[in-house]
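Colleague: I would like a close look at one part of this model, then its setting in the rest of the chain. Please keep it brisk.

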Amino acid sequence: MSKKILLLPVVAVLLVAFTTIQTTWKLDTVHSHLGFSVGHLSVSEIKGSVVITEATISTDAEDFSNATVKLKADMNTIDTDNEKRDAHLKTADFFDTAKFPDLTFQSTSFKKVGTDKYIISGNLTMHGITKPVSLDASVKSGINPNNNKPITGMKVTGIIKRIDFEISKDAPEAILSNDVAIEANLEFGKE
């Protein structure tokens, strides 16, 4: 058997290895936001946000169709534009941030469902409880004109259930809705 024939499988493996290099995208915290809204007294919504402390996307596909997303937010930064309410939300009546300071999300799938549209499924941990969630995402990519480096933006939306995470679990829905709308606007730079 010739040496050329023996080298073909090795070359094929090397080509596959070089074409599936993992790319990591790091969050631009200055241009990112994680917000929520929850119904109050069945007539209005309270809006708020928490600060994302870190987030990354890892992928070896150009279109993010197999990406992995990790996100961490500091629940001690909860902000609803009312200091008294924010202090109450940090207590054991709600998020108990002394015991459970972090919210985390780890994706389990990142599925393309249309042009620039994805469904991100994963495990959300909040208030010491981990539950599977699915969120909608729209993704746009481009070049940052300030440094000529690739950037990606994501708008992620979805509904989670307050009761699933035992957040103020005794509050009736007429006072505090079970559905909590999530909206994250995230900007990432390619590392």
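Where is Val-43 found?

Modeller: Val-43 sits in the loop between β2 (33–40) and β3 (44–59). Strands here are DSSP E runs of at least two residues, and helices are H or I runs of at least four, numbered from the N terminus. A word on the basis. This is a predicted model, where local features need pLDDT of at least 70, side-chain atom pairs count only at pLDDT 80 or more, and totals for chains, interfaces and linings use all residues. Residues are numbered from 1 along each chain as its sequence is written, and side-chain values use heavy atoms, with hydrogens and water left out.

Val-43 counts as exposed because its relative accessibility is 73%. The cut-offs: exposed is over 50% relative accessible area, buried under 20%, partly exposed in between, with a 1.4 Å probe and protein chains only. Val-43 belongs to a nonpolar surface patch with Leu-41 and Ile-175. Together they have about 300 Å² of accessible area. Nonpolar side chains are joined within 5 Å. Areas come from the Shrake-Rupley method with a 1.4 Å probe.

Now Thr-80. Thr-80 lies in the loop between β4 and α2 (83–89). Thr-80 is buried, at 5% relative accessibility. Its side chain makes a polar contact of 2.4 Å with that of Asp-86. Such a contact is a pair of N or O atoms within 3.5 Å, one able to donate a hydrogen and the other to accept it; residues adjacent in sequence count only if both atoms are side-chain atoms. Leaving out residues up to four places away in sequence, Thr-80 also touches Phe-36, Ile-46 and Lys-47, among others. Contact means heavy atoms within 4.5 Å.

Next, the rings. The whole structure holds 2 aromatic pairs. In one, Trp-25 and Phe-64 have ring centres 5.5 Å apart and planes at 50°, so the pair is tilted. Pairing needs centres within 6.5 Å; planes under 30 degrees apart are stacked, over 60 edge-to-face, the rest tilted. Trp-25 lies in β1 (residues 23–27) and Phe-64 in the loop between β3 and β4 (68–79), so the pair ties together parts 39 residues apart in sequence. Trp-25 is buried at 7%, and Phe-64 is buried at 3%.

Finally, the chain. It has 2 helices and 9 strands. Of its 191 residues, 36% count as buried.

Conventions: Patch = residues over 30% accessible without salt bridge, like charges linked within 9 Å, V, L, I, M, F, W, Y side chains within 5 Å. Salt bridge = Lys/Arg side-chain N within 4 Å of Asp/Glu carboxyl O. Phe/Tyr/Trp six-rings, centres within 6.5 Å; stacked < 30°, edge-to-face > 60°.
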